[in-house]
Amino acid sequence: MTADLELDCRGMLCPMPVIELGRHLADVPLGGTVAVIATDVAARVDVPAWCRLRGQEYVGEDAADDGTPRYVVRRVT
Amino acid sequence: MTKASGTPGPAPGPVSPVYLDSASSEPLHPAAREVLLAALDQGYADPRRLHGPARSARLLLDNAREVVAGCLGVRRDEVTFTSSGTEAVHRGLLGLAEARARTGGTVVASAVEHSSVLHAAGWAAERTARRGAGQGVQPVLVPVDRLGRVDVDALTAAASGDGIAAVAVQAANHEVGTLQPVAEIGERLDGVPLFVDACASAGRLPLPAGWSAAAASAHKWGGPAGAGVLLVRKGVRWTNPFPGDDRVDERSSGFENVPAALAAAAALQAVVAERDELAVHQATLVDRIRRRVAEIPDVEVVGDPEARLPHLVTFSCLYVDGEALVTELDRRGFGVASGSACTASTLEPSHVLSAMGVLTHGNVRVSLTRDTTEAEVEAFLAALPEVVRGIRAEAGLP
């Protein structure tokens, strides 16, 4: 999946990947996407949960070139 | 000696620590303490022998069994004392599966079962594979909704598949307090035995109907540690999955812990007698915590708001490190549990919170003891917003 912004959160532990997502969502325009690349397994649950709490759209998960999970979020507000 | 610079001063908070982790272990009930001390003196002998001290021990053990049966609303011969809740879970679930080894080795379980149930379900699958009777057999984990309630349609559909040895569903979830529709599941299962892990609810709520085997743990209701209860319904096929022993009860092994069994029974009797009143008191305090915690910005209370355990509430604080939260609350005198990954030995987030799809970080479980006061809850509620704010500020958040 393409993304307007990629956040490299490799090696960060929870809740840092979600904090990064919260900090940088506004860096993309409405309708734009942010990808969180995170090794921490908690991000798999916490990124979609964050989207639900924040009213943003969770697009889905794929993998970065090195196989690290990548979670894509669309800014809708 | 001079005080080292930079050492934090005395933490603000209550003078004596406030223990809010009864779901991990309830302090010993006063009724159990007296009985335990007396039974240590009178219940030391081997209950199988034919002399006086042995008869005393046997009498105490039989008495414990009778009391537990009465409190749980089951038959005496359905009660087995084990060395822990976990052992009761293992024996209960695996014994049901063992009796159906020819049918298959697959356990269907809710995705939010206690780890002891999930470990036993995995073990049953491996055992089946070792017998060459089902390579690749895996437990089937059934999803739950956002509140942690298992999908009954999906569960019953999975249970009607081939090779199903048993179904496992908890009475109540140990992390978020949500009650499972056990009786409904029991009615809908067609011939597949149902194992019910009642460790989180036993003593606090009546045992739900529909189980073939069930497990409970004494230290969760105010009995001593080292005492679990296995229930096997009369007429249900149960085969010992472990090496046998020649004890009083064919379903157990090892020398009976008579004092612990009797103290467990005494605590259960006391807890059942006071539970209606206590549940109202605890549910009122928990409602207050649920309401006030939800007023803190970006905090989500999780678990079923209605169909739940009376003494337990769980919430997650966005952008907050669970370990920092538990540590700072402890520094202020509040002992709570957390399902966040950074607080777990495995560094994996709670499988319960994950299955529910709720935030796994910044997680706190508060569980009240029978002695928890309104003042203690108020002190906790006064401290929490400041603690959350402080941790967020340290992370550079507004």
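The domain assignment of chain B gives domain 1 (18-27 + 275-394) and domain 2 (30-270), with bounds that come from an automatic or database domain assignment. This is a predicted model, in which local features need pLDDT of at least 70, side-chain atom pairs count only at pLDDT 80 or more, and totals for chains, interfaces and linings use all residues. Residues are numbered from 1 along each chain as its sequence is written, while chains are lettered from A and ligands numbered from 1 in the order in which they are written.

**Domains of chain B**

Taken over C-alpha atoms, the centres of domain 1 and domain 2 of chain B are separated by 27 Å. The contact between them takes 26 residues from domain 1 of chain B and 24 residues from domain 2 of chain B; two residues are in contact if their C-beta atoms, placed from the backbone, lie within 7 Å. On the side of domain 1 of chain B that touches domain 2 of chain B, H7, strand S10 (312-317) and helix H9 (351-356) each supply at least two residues. Helices (H or I, at least four residues) and strands (E, at least two) are DSSP runs, numbered from the N terminus. That side of domain 1 of chain B divides into 13 nonpolar, seven polar and six charged residues. Here Ala, Val, Leu, Ile, Met, Phe, Trp, Tyr, Cys and Pro count as nonpolar, Asp, Glu, Lys and Arg as charged, and the others, Gly among them, as polar.

Axes are lines fitted to C-alpha atoms, for helices over the stretch in contact, and angles run from 0 to 180 degrees between N-to-C directions.

| Helix pair | Angle | Axis distance |
|---|---|---|
| H2(B) (52-72) and H7(B) (258-293) | about 30° | 8 Å |
| H3(B) (85-99) and H4(B) (115-130) | roughly 35° | within 9 Å |

The angle of about 30° between H2(B) and H7(B) makes H2(B) roughly parallel to H7(B); angles under 35 degrees count as roughly parallel, over 145 as roughly antiparallel, 65 to 115 as roughly perpendicular and the rest as oblique. The crossing of H2(B) and H7(B) is left-handed, whereas that of H3(B) and H4(B) is right-handed. A crossing is left-handed if the near helix is turned anticlockwise from the far one by less than a right angle, and right-handed if clockwise.

Residues of H2(B) including Ala57(B), Leu61(B) and Val68(B) meet residues of H7(B) including Val258(B), Leu262(B) and Gln269(B). This contact of H2(B) with H7(B) comprises 14 nonpolar, two polar and no charged residues. The contact of H3(B) with H4(B) has nine nonpolar, three polar and no charged residues.

Chain A contains two helices and four strands, which run β-α-β-α-β-β from the N terminus on. The C-alpha trace of chain A spans about 30 × 25 × 20 Å along its principal axes. With 77 residues, a compact globule would have a radius of gyration near 11 Å, and the 11 Å of chain A agrees; the radius is taken over C-alpha atoms, and the globule rule is 2.2 Å times the number of residues to the power 0.38.

Between the chains, 20 residues of chain B are in contact with 13 residues of chain A. The side of chain B that touches chain A has 11 nonpolar, six polar and three charged residues.

**Backbone features**

The peptide bond from Cys14(A) to Pro15(A) is cis, with omega near 5°. Pro15(A) lies in the loop between strand S1 (5-9) and helix H1 (16-24) of chain A. In chain B, Asp298(B) has phi near 55°, a positive value in a residue other than glycine; Asp298(B) is placed in the loop between H7 and strand S9 (299-302) of chain B.
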